[in-house]
Amino acid sequence: MSLRSSLCLLSYALLTALPLDATDVVWPTTMDRAAIHAPQDYLQPTVSGKTESGSFGMVREDGRRFHEGIDIRPTSVNADGEPLDLALAAMDGQVAYLNPNINGPYGKYVVLFHGSAEIPVYTLYAHLAKIEPSLRVAQPLRRGTPIGLMGHTSAGVSPITKDRSHLHFEVGLMLSTGYKLWYAAQAENKQSANLHELYNGQNLVGMDPMLVLARPKVDLLAALRSQPTALTVAMRTNRTPDFVQRYPALARGDVTRAAGWYVEFAWHGMPLRWTALDAHSPQLPSGGWRLMEVDQEKRAQLIQRKMLGADGRSAGELLRQNVEILLSTAR
Ligand SMILES: [Zn+2]
């Protein structure tokens with residue numbers, strides 16, 4: 001065999017071996033993943049009883065309300081009907097945030113950070129009855145480690161009844177480390193303190209958790225990139241947004257010469273790809289930011305999600321908010 005063909009074989013072997021380097025993922029509850037054959041096997045529906053209301057997307061109130069994660073039902077309950085299932089760390093990582101109080105829609109919740117995945121994502125575990133008392137912020141955790149007991153804690157507008165106990169599970173990215181300053185600057189927040197610092201749900205942008213949980217090994221970056229672009233935005237910035245520094249794999253172009261960014265968003269609000277714009281780029285707005293293109297096939301969904309205004313042409317409330325948070329460290 002020639003050296004050249006053996007090198008070819010070697011590179012082929014390396015390429016085909018790539019999935020072995022992917023991130024190991026376990027199901028985030030004590031439910032047996034092998035027992036899951038259909039969505040109704042793991043999803044806890046809302047009071048509507050519709051299975052899909054427990055999944056990710058515009059699945060609530062006839063498509064008008066978004067659900068940023070999945071709701072996983074218990075497999076066993078005690079004599080009082082309280083779940084016995086545990087919430088488990090989905091991937092290797094570390095504790096990012098612990099909220100032992102019932103003071104918001106998530107109730108008692110835990111956020112983990114997975115810095116060694118193909119892209120550093122967080123996972124979030126909400127409505128817990130109890131957080132594992134030994135957990136400390138920054139503590140490293142192996143996948144499968146119990147982090148709490150499934151429950152129904154929430155201080156949301158409509159309480160979660162015991163018979164609807166579930167683990168609300170999210171996976172995604174953080175918009176900005178400038179979130180606390182942005183939050184404090186909003187007039188409507190004057191009366192309500194930010195109780196969760198950077199781990200407020202507004203600053204965490206989730207993707208469909210089944211893109212990550214469906215298989216025991218996943219390339220997180222590939223899963224994230226599999227989400228299609230629904231609209232694009234161009235922004236002028238003096239400094240590099242911390243989002244780009246945190247997730248350099250999502251950026252392309254010459255960061256050092258960037259006078260702004262062309263950003264592709266998923267329909268639900270996650271920024272997917274950032275292209276640096278130089279000072280002469282025709283796409284660079286004269287100031288601030290502007291909406292560029294919209295995938296017309298996703299127009300209705302974008303309006304429902306408030307990524308677009310009711311007219312379908314202007315920026316919606318959520319897009320405005322996410323862009324302002326993203327720019328909070330880059331003005
Ligand atoms: Zn939920």
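## Overall build

The protein chain, taken here from a predicted model, contains seven helices and 19 strands. Its radius of gyration is 21 Å, close to the 20 Å that the globule rule gives for 331 residues, so the chain is as compact as a globular protein of that length.

Of the 331 residues in the protein chain, 40% count as buried. Where contacts link residues at least 6 apart in sequence, 65% of them join residues at least 24 apart.

## Strand β12 and its partners

Strand β12, which covers residues 167–174, is mostly covered, and eight of its eight residues are buried. Strands of a sheet pair through backbone hydrogen bonds, either parallel or antiparallel. For β12, the pairing with strand β4 (residues 70–72) is antiparallel and rests on three bridges, with I72 standing opposite L167 of β12.

Strand β8, residues 121–128, also pairs with β12 in the antiparallel sense, in this case over five bridges, and Y125 is found there opposite F169 of β12. A further antiparallel pairing, made by four bridges, joins β12 to strand β13 (residues 204–207); within it, M174 has L204 of β13 as its bridge partner.

N203 lies in the loop between α2 (179–184) and β13.

Leaving aside residues up to four places away in sequence, N203 touches M174, L175, S176, Y179, L198 and I325. One of these, M174, is the residue whose bridge partner in β13 is L204. Another residue in the list, L175, is 28 residues from N203 in sequence, yet the two are 5.3 Å apart in space, C-alpha to C-alpha.

## The open sheet of five strands

Five strands form an open sheet with mixed pairing, in the order β16-β18-β17-β15-β19. The edge strands of this sheet are β16 (251–252) and β19 (289–294), each of which pairs on one side only.

A251 has W274 of β18 as its bridge partner.

## The open sheet of three strands

Another open sheet is formed by three strands in the order β5-β11-β9, and its pairing is antiparallel. Which strands stand at the edges of this sheet? They are β5 (86–88) and β9 (130–131), and because each has a single partner strand, one side of each is left without a neighbour in the sheet.

The pairing of β5 with strand β11, residues 146–149, is antiparallel and runs over three bridges. In that pairing, L86 has L149 of β11 as its bridge partner. In a regular strand the side chains alternate between the two faces of the sheet.

Technical notes: Residues are numbered from 1 along each chain as its sequence is written. This is a predicted model: local features need pLDDT of at least 70, side-chain atom pairs count only at pLDDT 80 or more; totals for chains, interfaces and linings use all residues. A residue is buried if 20 or more other C-beta atoms lie within 10 Å of its own, exposed if 12 or fewer, and partly exposed in between; C-beta atoms are placed from the backbone. Helices (H or I, at least four residues) and strands (E, at least two) are DSSP runs, numbered from the N terminus. Two strands pair if DSSP finds at least two bridges between them. Two residues are in contact if their C-beta atoms, placed from the backbone, lie within 7 Å. The radius of gyration is taken over C-alpha atoms; the globule rule is 2.2 Å times the number of residues to the power 0.38.
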